[in-house]
Amino acid sequence: MNYIQEFHREKIHGWRTKVLTNILATAQLARSGSGKFGGYFIYNTNSSVIYIQVYDAAAVADVIVGTTTPIARYGIPATAGANLELDRGIRFDLGLVIAATTTPTGSTAPTTGMEMTTYFL
């Protein structure tokens, strides 16, 4: 997705964006407060599938990856890009926290951290 597409998307659908870098099993805060998770664009440089885990939490300290239950999780194919747009989004009340792991419910970090553009309200 290029800059013009991102700008157009934000103007039409109202999504805000934030780029998270070096996403690993250590959780990262994408947005504090309530809102909706609207999607992502990510490229997985790893040679195996990775899983993005999405949490409703006020702070990264509130998430124990592999123990805390995510509100959503997505498999990203090996050495491939993936994007997702959720028309109505997934509601979160406390904040939007993201982590990446090698299994859907695990806590092991991928070999290489990824960059992810998140879309949210």
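E5 covers residues 72–76 and pairs with E4 in the antiparallel sense over 5 bridges; two strands count as paired if DSSP finds at least two bridges between them. The strands themselves are DSSP runs of at least two residues, numbered from the N terminus.

Before going further, a word on the model: it is predicted, local features need pLDDT of at least 70, side-chain atom pairs count only at pLDDT 80 or more, and totals for chains, interfaces and linings use all residues. Residues are numbered from 1 along each chain as its sequence is written, and side-chain values use heavy atoms, with hydrogens and water left out.

Back to E4, which also has strand E7 (residues 95–101) as a partner: the two run antiparallel, joined by 6 bridges. Here Gln53 stands opposite Ala99 of E7. Buried means under 20% relative accessible area, exposed over 50%, and partly exposed in between, using a 1.4 Å probe and protein chains only.

Let us stay with Gln53, which lies in strand E4. Gln53 counts as buried because its relative accessibility is 1%. Its side chain makes a polar contact with the side chain of Tyr55 at 2.6 Å (a pair of N or O atoms within 3.5 Å; within protein, one must be able to donate a hydrogen and the other to accept it, and residues adjacent in sequence count only if both atoms are side-chain atoms). Leaving aside neighbours within four places in sequence, the contacts of Gln53 include Ala72, Arg73, Val97 and Ala99, where contact means heavy atoms within 4.5 Å.

Another buried residue is Gly38, with a relative accessible area of 0%. Gly38 is found in strand E3, residues 35–44. Gly38 and Gly14 are 24 residues apart in sequence, and their C-alpha atoms are 9.8 Å apart in space.

Now for charged side chains. Asp93 and Arg91 meet in a salt bridge at 2.8 Å, N to O; the rule asks for a side-chain nitrogen of Lys or Arg within 4 Å of a carboxyl oxygen of Asp or Glu. By this rule the count is 1. Asp93 is partly exposed at 39% relative accessibility, and Arg91 is exposed at 59%.

Finally, confidence. The protein chain averages a pLDDT of 90, and 89% of the residues score at least 70; pLDDT is the predictor's confidence in each residue, from 0 to 100. Over residues 6–12 the pLDDT is below 50. Where pLDDT is low, the predicted coordinates should not be read in detail.

Technical notes: Helices (H or I, at least four residues) and strands (E, at least two) are DSSP runs, numbered from the N terminus.
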